[in-house]
Amino acid sequence: MEAPIAIIMNPVAKGGALGKLWSDWEPGFRKLFGPIRVYETREAGGGVTQVQNALCQGARRIFSLGGDGTHSEVLHGMMVSGVPSEAMSLGLLPAGTGGDFSRLFQGGHDLFATAQSLLSPIPHRIDVGKVVLPHRRDGAITRYFLNITSFGIGGLVDKFANESSKRWGGFQTFLLASLRAAAVYKPALVRLVIDGEDRGVFPTTNICVCNGRYGGGGMLHSPHSRIGDGQFEIVVLRKGTLMQMGESFVKLYSGNHLDTELVTVFSGKHIEAECQSNLRAYVDIDGEYYGTLPVEISLCPQAIQLENPLKEGVL
């Protein structure tokens, strides 16, 4: 008999709303999917642990129910599990604050439309990013990501957003966190090496290494990224005047910031970044704060099977 679908559920997603609603929603999920086994995350990193538990109990369809941070933890757990990628698949059920990766789905970040779409999955093999953060107190940290890793102001925005109640939803939460971070962040000088080529030193507001397209509660960082094309888009937003920064920020939500004079875009598969000043560039991995530079990022092509139906042109 086929093992039940494993749902890795984060009860504190969306400011704790998911945990409060789950008892009302669970019967509908069981009716929709049939046998399921629910694994609740209890602490940071709990998604990784619960994926290991689910796989050990025979599950091979792993659904992540939560926000982008939960999805990233579940992905990481699958990537480090030792189970061959062709033997398991990932389904994402968006129930978080930002819901940025789910903007690539046919169901968008509508939880119930997305759940319906997983009844007849056609898995796609998609690329995954791998981040190594060296020189940490307990040794190097390795994290896999689905969507975007950034460094500069991005990690500070995450820190402020995740410290808030998130009761106003993704757009307002990240907008307020961005404004708060902008008031205190001092642009670091960042050296960027892409596929072994030194691309120079940039006075950095933010540098986004994009597998997906959206971040920060709807900012369209990389409108041309595809999650199955075997490369990242690297979007560099340099320091500018207050007027220039304001223009770039407003245009982020439409993707038109790429045409502003502060933005440079590269493509590549392997990125190394380090600060060339005493100022800090804060690291964001799929909407979670992970300290400061240096980092090394590499692309893992076609590394996981994703069940969600995708919008046209994003693969």
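Trainee: What lies 3.3 Å from the backbone oxygen of Gly 66?
Mentor: A polar atom of the His 71 side chain. This is a predicted model, so that distance is computed.

Trainee: What makes that pair a polar contact?
Mentor: The cut-off is 3.5 Å between N or O atoms. The Gly 66 oxygen and the His 71 side-chain atom are 3.3 Å apart. The pair therefore falls within the limit.

Trainee: Is His 71 called buried or exposed, and why?
Mentor: Buried, because its relative accessibility is 3% and the label applies under 20%. His 71 sits in helix α3. Beyond its neighbours within four places in sequence, His 71 touches Ser 64, Gly 66, Leu 92, Leu 93, Pro 94 and Leu 146.

Trainee: Which helix holds Asp 68?
Mentor: Also α3, residues 68-79.

Trainee: How do you know that Asp 68 has no salt bridge?
Mentor: Look at the nearest side chain of opposite charge. That is Arg 103, 7.0 Å away. A salt bridge needs the nitrogen and carboxyl oxygen within 4 Å. Asp 68 is thus buried without such a partner.

Trainee: What is Asp 68 in contact with, then?
Mentor: Leaving aside neighbours within four places in sequence, Gly 98, Gly 99, Asp 100, Phe 101 and Asp 286.

Trainee: How many salt bridges does the count give?
Mentor: The count comes to 7. Take Glu 26 and Arg 30 as one of them, at 2.7 Å, N to O. That is inside the 4 Å limit, so the pair qualifies.

Trainee: Where do Glu 26 and Arg 30 lie?
Mentor: Both are in helix α1, residues 17-33. They are 4 residues apart, about one turn. Residues three or four places apart on an α-helix point the same way, because a turn takes 3.6 residues.

Trainee: Which parts of the chain does the pair Arg 61 and Glu 307 link?
Mentor: Their side chains meet in a salt bridge at 2.7 Å, N to O. This pair links distant parts of the chain, 246 residues apart. Arg 61 is in strand β3, residues 61-66; Glu 307 is in the segment after β17. Glu 307 is buried, because its relative accessible area is 2%.

Trainee: What makes Asp 198 and Arg 191 a salt bridge?
Mentor: The N to O distance is 2.6 Å, and the limit is 4 Å. Asp 198 is partly exposed at 43%. Arg 191 is partly exposed too, at 26%.

Trainee: How many disulfides does a search of the whole structure find?
Mentor: The search finds 0.

Trainee: Is Cys 56 buried or exposed, and why?
Mentor: Exposed, because 71% relative accessibility exceeds the 50% cut-off.

How values were computed. Residues are numbered from 1 along each chain as its sequence is written. This is a predicted model: local features need pLDDT of at least 70, side-chain atom pairs count only at pLDDT 80 or more; totals for chains, interfaces and linings use all residues. Side-chain values use heavy atoms; hydrogens and water are left out. A disulfide is a pair of cysteine sulfur atoms within 2.5 Å. Buried means under 20% relative accessible area, exposed over 50%, partly exposed in between (1.4 Å probe, protein chains only). Helices (H or I, at least four residues) and strands (E, at least two) are DSSP runs, numbered from the N terminus. Lys and Arg count as positive and Asp and Glu as negative; His and the chain ends are not counted. Contact means heavy atoms within 4.5 Å. A polar contact is a pair of N or O atoms within 3.5 Å; within protein, one must be able to donate a hydrogen and the other to accept it, and residues adjacent in sequence count only if both atoms are side-chain atoms.
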